[in-house]
Amino acid sequence: MREFEYVAPKTVKEALNLLATYKEKATILAGGTDVVVRLRDEIIDPEFIIDIKHIDELNGIKFDKKEGLFVGANATMHEIQNDKNVKEFYPFYADACGHVGSKQVRNKATSVGNLCTASPLGDSLTPMYCLDATVVIEGPKGKREAPVREFITFVRKTVLERDELVLGVKFPYVECKGIYTKNARRHEVDLSNIVATILKVGDEYRIAYGSVAPTPIRLVKTEEFLKGKKIDDKVIEEAKKILTTEISPISDLRATKEYRVSVSQSILENSLKALG
Amino acid sequence: MKKINVKFTLNGELIELEVQPNHTALRVIREQLDLTGAKEGCGAGECGACTIIVDGLAVNSCLMLAPELDGKNVLTVEGLAKGGKLTDIQQAFIDHVALQCGYCTPGFIMSTTAFLEENKKPTREEIEVALAGNLCRCTGYKRIIEAVEDVVNKRGGK
């Protein structure tokens, strides 16, 4: 690991001042399960590491039916997967967080970190896409919010400026049933070949997939087709065809393009049958 | 590069020392504090050989920067046995011969120790999930899972 200075601000204000001073020379550290690996492999070479874990304002998970769910930047996957309200009202998100890495990783990794890493296969991201979550950002000009679908712009690219900090993610409360699916070579400690969340909200479906495009995506055409339809074999077959027009997976060391298309179709079929 | 002063509890003892920010907690524990139970396997949070318990939770010490130790309560495998007496988990690993080369064993024991505090009566499947972040390339896990089940049975859910 190359040399860097380590700073641990105690307030958001302090962190923003440090970011404003150091800008592209700084990397924000939360759980560190991605950042430390990238430091070790010298993929990133910051002069300053800003550890945000001592900022109490960024801790915690809050919920009420009117405001929805707020997940702070320091909330770990372990905390989210075991949170009473997340388990009751967003069980597919609890499931997603419970499928990240290993127990040791979940005890440190954060869902907001997962979002800022902006990997196309981020395990906890498809629930955010399905619920049209909002990313709460603070910078020198104050607070702003970005819809999650606009926050990630490409593989490991976001709209976050170098002097800004993500405070947390807001999920609206939506009455729904949902299913989270992760396909990987092993159940734990593996990167996803395909990851998906499918929700049924009233007579509509919301479908988000990861690892099928440069960013996680919503399958809007498939959703449009399924709107108000009764699920039967014919509808499922048609939906599976439309799905293939919306995804563009690649072949890599984990899976081939063809396999990913086939698995994506199976996930859609299984989820639609289970949700009815 | 500025060194960072950290104060933390290690195996019940208060420690204060200067660490380099670009060292991992694992490196500090092994090379500055000479506790070599935790091992570096993959160095990327996949194998669990470096597992230690921080504030009651099992974490990969290879993914923790040294300054992150500040203020924490840290337990390593060296802190388990009291007065030369092994814990029931350590003894069960011996009784079940749940190891061959032993490189992964401290990590497995620390994961098990933290997990059985959180879940007193786990199912076999829950044990498998809890230990999935620890890799063993010798025994094939059967004996390890059996050792953990034996501890659970002997403790009787306490």
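Helix α1 of chain B, residues 25–32, buries Ala25(B), Leu26(B), Arg27(B), Val28(B) and Ile29(B). Those buried residues of α1(B) pack against β2 of chain B, residues 13–19. Just past the end of α1(B), Asp34(B) adopts a positive phi of about 55 degrees. Please keep in mind that this is a predicted model.

**α2 against α5 in chain B**

- Helix α2(B), residues 88–95, packs on helix α5(B), residues 142–155, with the axes 8 Å apart and an angle of about 130 degrees between them.
- An angle counts as roughly perpendicular from 65 to 115 degrees and as roughly antiparallel over 145, and α2(B) and α5(B) are therefore oblique to each other.
- The crossing in which α2(B) passes α5(B) is right-handed.
- On the α2(B) side the contact uses Asp88(B), Ile89(B), Ala92(B) and Phe93(B), while α5(B) brings Ala147(B), Asp150(B), Val151(B) and Lys154(B).
- Sorted by class, the residues of this contact between α2(B) and α5(B) are 5 nonpolar and 3 charged, with no polar ones.

**α2 against α3 in chain B**

- Helix α2(B) also meets helix α3(B), residues 105–118; their axes come within 10 Å and cross at roughly 135 degrees.
- That angle makes α2(B) oblique to α3(B).
- The crossing of α2(B) and α3(B) is right-handed.
- From α2(B), the residues involved are Ile89(B), Gln90(B) and Phe93(B), and they meet Thr105(B), Ile109(B), Thr112(B) and Thr113(B) of α3(B).
- This contact of α2(B) with α3(B) has 3 nonpolar and 4 polar residues, and no charged ones.
- Ile89(B) and Phe93(B) are worth a look in the viewer, as they take part in the contact with α5(B) and in the contact with α3(B).

**Chain A as a whole**

- Chain A contains 12 helices and 14 strands.
- Its radius of gyration is 19 Å, close to the 19 Å that the globule rule gives for 276 residues, so chain A is as compact as a globular protein of that length.
- Along the principal axes, the C-alpha atoms of chain A fill a box of roughly 60 × 45 × 35 Å.
- Of the 276 residues in chain A, 49% are buried.
- Among contacts in chain A with a separation of 6 or more, 60% join residues 24 or more positions apart.

**Ala15 in chain A**

- Ala15(A) sits in helix α1(A), residues 12–22.
- With 24 other C-beta atoms within 10 Å, Ala15(A) is buried, because the cut-off for a buried residue is 20 or more.
- Leaving aside residues up to four places away in sequence, Ala15(A) touches Pro9(A), Ile50(A), Ile52(A), Ile55(A) and Leu165(A).
- Ala15(A) and Leu125(A) are 110 residues apart in sequence, and their C-alpha atoms are 25 Å apart in space.

**Where chains A and B meet**

- The contact takes 25 residues from chain A and 25 residues from chain B.
- On the chain B side, β4(B), residues 57–60, and α4(B), residues 124–130, each supply at least two residues.
- The largest share of that side, 4 residues, comes from β4(B).
- By class, the side of chain B that touches chain A has 14 nonpolar, 8 polar and 3 charged residues.

How values were computed
Residues are numbered from 1 along each chain as its sequence is written. Chains are lettered from A and ligands numbered from 1 in the order in which they are written. This is a predicted model: local features need pLDDT of at least 70, side-chain atom pairs count only at pLDDT 80 or more; totals for chains, interfaces and linings use all residues. Two residues are in contact if their C-beta atoms, placed from the backbone, lie within 7 Å. Ala, Val, Leu, Ile, Met, Phe, Trp, Tyr, Cys and Pro count as nonpolar, Asp, Glu, Lys and Arg as charged, and the others, Gly among them, as polar. The radius of gyration is taken over C-alpha atoms; the globule rule is 2.2 Å times the number of residues to the power 0.38. A residue is buried if 20 or more other C-beta atoms lie within 10 Å of its own, exposed if 12 or fewer, and partly exposed in between; C-beta atoms are placed from the backbone. Axes are lines fitted to C-alpha atoms, for helices over the stretch in contact, and angles run from 0 to 180 degrees between N-to-C directions. Angles under 35 degrees count as roughly parallel, over 145 as roughly antiparallel, 65 to 115 as roughly perpendicular and the rest as oblique. A crossing is left-handed if the near helix is turned anticlockwise from the far one by less than a right angle, and right-handed if clockwise.
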